[in-house]
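Hi,

Here is the structure I said I would pass on.

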Amino acid sequence: MAFPLEKAEDPTKLRRVAIDPVSRVEGHGKVTILLDDAGKIHQVRLHIVEFRGFERFILGRPYWEVPVMVQRLCGICPVSHHLAASKALDLVVGAKRVTHTAELVRRLMHYGQILQSHALHFYHLASPDLLFGFGSAVATRNVVGVLAAFPELARQGVLLRKYGQEIIRLTAGKRVHGTGSVPGGVNKSLTAAERDELLAPLPDVKQWLRSGLAALTGLYGQNREQYDSFGTVPSSLLSLVGRQGQLDLYDGVLRARDQYGKIIFDGLDPQQYRSQLKENVRSWSYMKFPFIGSLGPEAGWYKVGPLARIQNCDVIDTPLAEEARQGLLATSPTRQLIHAPLHYHWARLIEMVHAAEVIENLLHDQDLLGDQLMASGPRAIAGVGIIEAPRGTLIHHYEVDEQDLVTMCNLIVSTTHNNQAMNEAIRQVARQYLDGQELTEGLLNHIEVAIRAYDPCLSCATHALGKMPLQVEFVDPAGKVVQRLVRDGENLAAVSA
Amino acid sequence: MSDKLPQPAGLPIFLLDGHEIPFQPGQTVMQAALEAGFYIPHLCFHEEFKPHGSCKVCTVKVNGRTVASCTTAAAADLDVESETSELRDLRKTLVQFLFTEGNHFCPSCEQSGNCKLQAVAYELDVLSAHFNPIFPDRPLDASHPDVLLDFNRCILCELCIRASSEVDGKDVFALAGRGITKHLIVNAESGRLADTKLAVNDKAMSVCPVGVIQRKRRGFAVPIGQRTYDQKPISEVTISRLQGHPIGHAEDQEGDGR
């Protein structure tokens, strides 16, 4: 099996360019590009070079530790892992339905996280490319540059993130890596004072989101063609949808559509995910390649995440977000599905609007303050928990023995689903922009822009976040480095080999 | 240091860091200090059990000699030093050794926030284990229907051994091995906890200062913010509890072991 540009015929005769690490994404990945002497591109790959091992070292541990331990996969979206694990283990402890209060608290925690994670990505990581241009001066193409040129937008991004983090703190116990959700329910609900603390900033939050959405649609209006075509490769879509087909990021059934919007499967019980989803491995990446089994590994790859979700659902059941969704869908005059990666940003903002509306509804539900926190029932040996994490469908699957210890763990994290999609997007960008060109930092950033659109969480490690150094090596066919470009902070320097 | 109790008149006294500490004949330096509202860091000491003197975290200088305050009898002519930088450094190193010898993964440990080792470490400003971890291989014993044993966290304080023997009359636990290979074992031919008479209401269940002996299926039941050492450091929590004003979650306030 091979995709175009996945494998060069004779790599030994080609020049290798590496973007290592890819910057302004969560975690550590690299891109390699193989070119011939004429600058023609023969191979492009996104490699995930970290190995975490959580599926292995959770084995033999007691199940109640799992939601707290596995969330350490990530510092940006730990709530997703915390909740997906809890949902899987709800079934193990026999809580087929958690109490209404527990579900409200978990949903609040989750939508708070959607808000803060999307805010982090759009305002801090992605906006520099969109506001200044993909090939703009590297010295200002970062969040500090945004703070200088668009201080109000940057400030709103920071405050949106803060608001989401406060929701997480009040539901999970702390802003990062809390313990609020446990198998069978939650360990706390909200007090009236805590609820009021979260209600107070909501009008501002909604206003900031309107501004963010207006800013993005303004950018789109200035450069429609680029947004509609950059790195576009059609594919199938996968996400959870609510039981009435509405957008639901916490719970539901699995639905997949082909690239034209036709349903591949629908209403799939999360417990049965393995009947439709398979995984493949390739020798050059630690990240697996999932695919829809019935379509096979070559045709069965798909996209997940905001752009998939808002097109996979029938409707968003909150008014402002649905209105914004219709705005994005209207950019496709033929009503064909939108596959352009840059529209992930728009979709992300729509989901932030939705999150704010959901949070408002939850805060007005008196049961959020309830004291019925835990449910239980007959024990089961296995459970699958699926949630729509900020970056897409997240699957946790565990088996637990009669001594309460975990014997099997399978995690398919959101970014993994997008592995092929990101690889195809950067191949498309390489064809469009890099083929036959002399490579510059600005051109290479086009590759990163395509990856960033998917907001990958490559290892889920916060310590890798920020202004990471970028090193590009030009290697001759004999493997000798002929030129090295190093970006350190805001400086780009050519370093002789 | 929290509020000091009014000192009863007529009792003999010794000096602790210059403070006059009254004591009853037969009391140790540790007992008299705690009773007077002065905290001395400790791990293997528990007010309901005969002092053991094994962890050495309560080391003080008495008239210039280093001794364990939990096993040293109070006497009228003692000049005890406790809160000195030399002794804090020594205690800190001892606690770092404990982190190094076991597998103490606080981020996913259900005892986090209620753990005496963690709390003493914070009290002593231990911010890293400093030494290279040994990472011993210590499988769990989950054979008991209601109790989980996670030997990774054991600090060999022997409180469970003392409680099981002296209070429960069951002798469920023991230590085996010598030196660095010393480890907690279960007193059953099979070596499995399920083959002992341990019951969830036993005293041995409530004295572990760390997270070795756990009730199954209730981990993380207490939210962050309400755990024993979330609001106040262990020095204040210990003294407040001894003065009848427990801080933190009541469930985790059984004896000085918690």
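**The largest pocket**

The largest pocket holds about 620 Å³ of space. Keep in mind throughout that this is a predicted model. The pocket is lined by 24 residues, and those closest to its centre are E101(B), I155(B), L156(B), G179(B) and K182(B).

Which parts of chain B does the lining draw on? Both α2 (85–101) and β8 (183–186) of chain B put at least two residues into it. The biggest giver is α2(B), with 4 residues.

**Where the chains meet**

On to the interface: 19 residues of chain B touch 21 residues of chain A. Within chain B, the residues that lose the most area to chain A are R217(B), F220(B) and I224(B), which together make up 36% of what that side buries. Taken together, chain B and chain A bury about 1600 Å², and 59% of that is on carbon and sulfur atoms.

There is a charged and polar side to this too. I get 4 salt bridges between chain B and chain A. R153(B) and E65(A) form a salt bridge through their side chains, at 2.9 Å from N to O. On the side of chain B that touches chain A, the residues split into 9 nonpolar, 4 polar and 6 charged. Polar contacts between chain B and chain A come to 7 residue pairs, with both residues at pLDDT 80 or more.

Cheers

Methods. Residues numbered from 1 in each chain as written. Chains lettered and ligands numbered in written order. Predicted model: local features only at pLDDT ≥ 70, side-chain atom pairs only at ≥ 80, totals over all residues. Heavy atoms only, no water. Contact = heavy atoms within 4.5 Å. Buried area = accessible area lost by both parts, 1.4 Å probe. Polar contact = N/O pair within 3.5 Å; in protein donor to acceptor, adjacent residues only side chain to side chain. Nonpolar A, V, L, I, M, F, W, Y, C, P; charged D, E, K, R; others polar. 1 Å grid on protein atoms, 1.4 Å probe; cavity = no way out; pocket = protein on both sides within 12 Å on 5 of 7 lines; lining within 4 Å. Points joined across faces, edges and corners; volume = space filled by probe spheres on them.
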